[in-house]
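Q: Could you take a close look at one part of this model and its surroundings, and then go on to some polar and charged side chains elsewhere in the chain? Please state the cut-offs behind each term.

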Amino acid sequence: FIGSHVALALLRRGDRVFGLDNFDPFYDRAIKERNLAGLAAHPGFRFLEADIRDASALSRWGEGDTPSALIHLAAKAGVRPSVADPAGYADVNVMGTIRVLEWARERSVPRVLFASSSSVYGGNTKVPFAEDDFVDHPVSPYAATKKAGELLCHTWCHLYGMNIVSLRFFTVYGPRQRPEMAIHNFTRRMVEGKEIGIFGDGTSRRDYTYIDDVVSGVLGSLAAPPGYRVYNLGESATISLSDLVALLERATGVRAKCKYLPPQPGDVPVTFADISRARAEIGYDPKTPVEAGVGHFVQWYRNMAGTKKS
């Protein structure tokens with residue numbers, strides 16, 4: 001999802017891009033292949049299907065070139081599934097990140113970006129979340145692996161002088177969003193006339209960040225100050241789950257059939273990004289409030305659904 005958008009933005013500005021993905025079965029391979037199809041025809045794009053934990057495969061990646069930057073977005077994603085598979089998440093997100101950092105070190109890559117997550121803030125009650133807040137109490141294996149990834153990045157920076165940025169993404173959504181995430185899942189089920197599951201009482205709040213804004217933050221981070229830096233990439237606004245459903249009702253024209261369920265292990269009551277550091281250091285300036293972004297997503301979903309039917 002994020003990778004395909006970032007790759008396209010890089011290609012459009014004239015960069016060459018070497019992509020890598022293992023088509024993890026977390027969701028339908030066909031969806032990922034559609035995301036890739038928009039890139040594959042571009043003359044500046046090359047792709048290798050491989051796993052970041054496979055050192056021999058990584059050795060073939062990049063066709064021997066030293067890139068100007070490495071953008072590490074590969075991971076097992078999702079808070080709730082990580083509770084059921086902590087070992088799998090640790091293997092990919094921790095050991096895989098070590099492999100990627102070593103790949104970059106061995107090739108003297110001048111800049112590495114690492115996709116972290118707002119989940120590292122755990123159940124912090126101080127909002128908005130700032131990058132220098134205490135983040136040593138994660139509440140899910142996923143969050144713990146992302147915090148571990150940040151620590152590894154700091155270590156490689158310290159030991160080898162690498163320039164590394166950890167980007168804490170806040171609930172990214174938009175066209176091509178993963179199908180299990182709330183906005184995509186709710187839209188699909190509402191349009192199909194099915195119930196949507198609301199975990200908790202609907203008062204939990206999230207800082208939903210539109211994909212175009214996240215891409216702008218990723219590209220801006222390529223020119224971050226040297227050394228090790230951490231940035232929040234959020235919209236710096238929150239909306240409750242109940243209000244999000246109301247937005248989707250207006251955008252789809254469908255009344256939601258809500259089924260309230262117990263809160264899930266690993267969920268947190270609020271996420272809210274302080275983006276002042278990212279504004280000051282990389283020029284991050286999100287433009288798409290959730291009210292507009294939800295409309296963009298629903299329009300994309302309807303277009304995609306219409307294409308499938310035809």
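**Helix H5 and selected side chains**

A: Helix H5 is followed by Ser 108, whose phi is positive, near 55°. This is a predicted model, in which local features need pLDDT of at least 70 and side-chain atom pairs count only at pLDDT 80 or more, whereas totals for chains, interfaces and linings use all residues. Residues are numbered from 1 along each chain as its sequence is written, and side-chain values use heavy atoms, with hydrogens and water left out.

Helices (H or I, at least four residues) and strands (E, at least two) are DSSP runs numbered from the N terminus, and H5 spans residues 86–106, 21 residues in total. From its first C-alpha to its last, H5 reaches 29 Å, close to the 30 Å expected at 1.5 Å a residue, where the expected span is 1.5 Å times one less than the number of residues.

Buried here means under 20% relative accessible area, exposed over 50%, and partly exposed in between, with a 1.4 Å probe and protein chains only. The buried residues of H5 are Gly 88, Tyr 89, Val 92, Asn 93, Gly 96, Thr 97, Val 100, Leu 101, Trp 103 and Ala 104. Their cover, judged by contact (heavy atoms within 4.5 Å), includes the helices H3 (55–58), H4 (79–84) and H6 (141–160), together with the strands E3 (70–72), E4 (112–117) and E5 (164–169).

Ser 119 is buried, at 15% relative accessible area, and, residues up to four places away in sequence not being counted, Ser 119 touches Val 79, Tyr 142 and Ala 143. The side chain of Ser 119 also makes a polar contact of 2.9 Å with that of Ser 117; such a contact is a pair of N or O atoms within 3.5 Å, where, within protein, one must be able to donate a hydrogen and the other to accept it, and residues adjacent in sequence count only if both atoms are side-chain atoms.

Leaving aside neighbours within four places in sequence, Ser 236 is in contact with Asp 207, Phe 272, Ala 273 and Ile 275, and the backbone oxygen of Ala 273 lies 2.8 Å from a polar atom of the Ser 236 side chain.

Turning to charged pairs, a salt bridge is a side-chain nitrogen of Lys or Arg within 4 Å of a carboxyl oxygen of Asp or Glu, and by this rule the count comes to 18. Among them, Arg 53 and Asp 51 are paired with their closest N and O atoms 2.7 Å apart, Arg 53 being partly exposed at 31% and Asp 51 buried at 18%. Asp 285, partly exposed at 33%, bridges to Arg 279 at 2.9 Å and to Lys 287 at 2.7 Å, N to O. Of these two partners, Arg 279 is partly exposed at 41%, while Lys 287 is exposed at 62%. Elsewhere, Arg 29, Glu 33 and Glu 49 are linked in a network of salt bridges.
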